[in-house]
Amino acid sequence: MHIELNIRLKEIVRRTRIVRFVAKTVIFCLMMYSRTAAQVLLSPTLVSPPDSATNQPTTVLLQWDTLANATNYEVQLSTDPAFNTIVVDDSNVTTVTKQVGPLQNSTTYYWRVRAEYVLAWSAWSSVSNFTTVAAIPSAPVLVNPPNGATNQPTSITFSWNSSTGASSYHFQVSADVGFSTTIIDQPALAATSFAASGLAGNTTYFWRVSASNSAGTSGWSTV
């Protein structure tokens, strides 16, 4: 009985060793397969928007090329090229496009894509970047002359506060509150003031200013 028990124990030990050996072999093979697959599977090529594109909308459609046999893709979007700050990370994209947004204005974003094939991910694509359009500036605040001012000279310097992000201003003066006609119409002013002369005495004038940049033009200021 003692001898038979020893034989059974030895058989159990032998089978346990075989199971462990097989398990290690399977794990090793899976690791090697995963590494090989990652090497074989090409990384996606980024298509749109083009690298270093500017004046992009705050909602952007990212696009890359198709990889044969890829099951899905992972897309990452960041505000730094090292991807320390991730804005978007989606590893379940089954098409070759990904819409991202709304994004911040006047901001450079970096993006990359990798593909999954069976048990392995490809290497990341090269990193591409784009910069979003500036925000449309707010309407300027009028400063001088004060609203409703009287006894003003016929030569006067109009001034207004700057609008954040504005690259130019449009200045108008009219004797009509509806601005159906204008006495002064000056677009594309870089300064926040305009020196006017030759105005008629004892006349009520109305004036307004708008601000513009590459994103568009604000509404008019209060009159």
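# Notebook: loops, strands and a pocket

**Entry 1. Val118.** I began at Val118, which sits in the loop between E7 and strand E8 (120-121). Strands (E, at least two residues) and helices (H or I, at least four) are DSSP runs, numbered from the N terminus. The model is predicted, so local features need pLDDT of at least 70 and side-chain atom pairs pLDDT 80 or more, while totals for chains, interfaces and linings use all residues. Residue numbers start from 1 along each chain as its sequence is written, and side-chain values use heavy atoms, with hydrogens and water left out.

I looked up the backbone of Val118 and found a phi near 55°, a positive value in a residue other than glycine. Most residues other than glycine have a negative phi, and most peptide bonds are trans.

**Entry 2. Phe179.** Phe179 also has a phi near 55°, again a positive value in a residue that is not glycine. I placed Phe179 in the loop between strand E12 (168-174) and E13. Phe179 counts as buried because its relative accessibility is 9%.

**Entry 3. Cis peptide bonds.** I noted a cis bond between Ser48 and Pro49, with omega about 0°. Pro49 belongs to the loop between strand E1 (46-48) and strand E2 (53-56). Another cis bond runs from Asn144 to Pro145, where omega is near 0°. Pro145 is in the loop between E10 and E11.

**Entry 4. The chain as a whole.** I counted one helix and 16 strands in the chain. Its length is 223 residues, and 31% of them count as buried. I then looked up contacts (heavy atoms within 4.5 Å). Among contacts with a separation of 6 or more, 62% are between residues 24 or more positions apart.

**Entry 5. Val113.** Val113 is part of strand E7 (residues 108-117). Its relative accessibility is 0%, so Val113 counts as buried. Which residues touch Val113, leaving aside its neighbours within four places in sequence? I listed Pro44, Leu46, Trp64, Tyr73, Glu74, Val75, Ala123, Trp124 and Ser125. The C-alpha atoms of Val113 and Tyr73 are 6.7 Å apart, although 40 residues separate the two in sequence.

**Entry 6. A sheet of three strands.** I traced an open sheet of three strands in the order E10-E11-E14, with antiparallel pairing. E10 and strand E14 (193-196) are the edge strands; each has a single partner strand, so one side of each lacks a neighbour in the sheet. From one strand to the next the twist averages 25°, with axes fitted to C-alpha atoms (for helices over the stretch in contact) and angles from 0 to 180 degrees between N-to-C directions.

Strands pair here if DSSP finds at least two bridges between them. E10 and E11 are joined by two antiparallel bridges, and Leu142 has Trp160 in E11 as its bridge partner. E11 and E14 pair over four bridges, also antiparallel, and Thr157 has Ala195 in E14 as its partner. Four of the five residues of E11 are buried, so E11 is largely enclosed by the rest of the structure.

**Entry 7. A sheet of four strands.** I found an open sheet in the order E13-E12-E15-E16, its four strands paired antiparallel. Strand E13 (184-189) and strand E16 (216-217) are at the edges with a single partner strand each, so one side of each has no neighbour in the sheet. E15 and E16 run antiparallel and share two bridges.

I followed Ser212 in strand E15. Its bridge partner in E16 is Thr217. Ser212 counts as buried because its relative accessibility is 16%. Beyond neighbours within four places in sequence, Ser212 contacts Pro137, Ala166, Ser167, Ser168 and Thr217.

**Entry 8. The largest pocket.** Of its 26 lining residues, Pro145, Ala149, Gln152, Thr203 and Tyr205 are the closest to the centre. Strand E10 (142-144), strand E11 (156-160) and strand E15 (206-213) are the elements that each give two or more residues to the lining. E10 gives the most, with three.

On a 1 Å grid over the protein atoms alone, a pocket is an open set of points where a 1.4 Å probe fits, with protein on both sides within 12 Å along at least five of seven lines; lining residues have an atom within 4 Å of a point.

How does the lining divide, and how many residues are charged? I noted 14 nonpolar, 12 polar and no charged residues. Ala, Val, Leu, Ile, Met, Phe, Trp, Tyr, Cys and Pro count as nonpolar, Asp, Glu, Lys and Arg as charged, and the others, Gly among them, as polar.

How values were computed. Buried means under 20% relative accessible area, exposed over 50%, partly exposed in between (1.4 Å probe, protein chains only).
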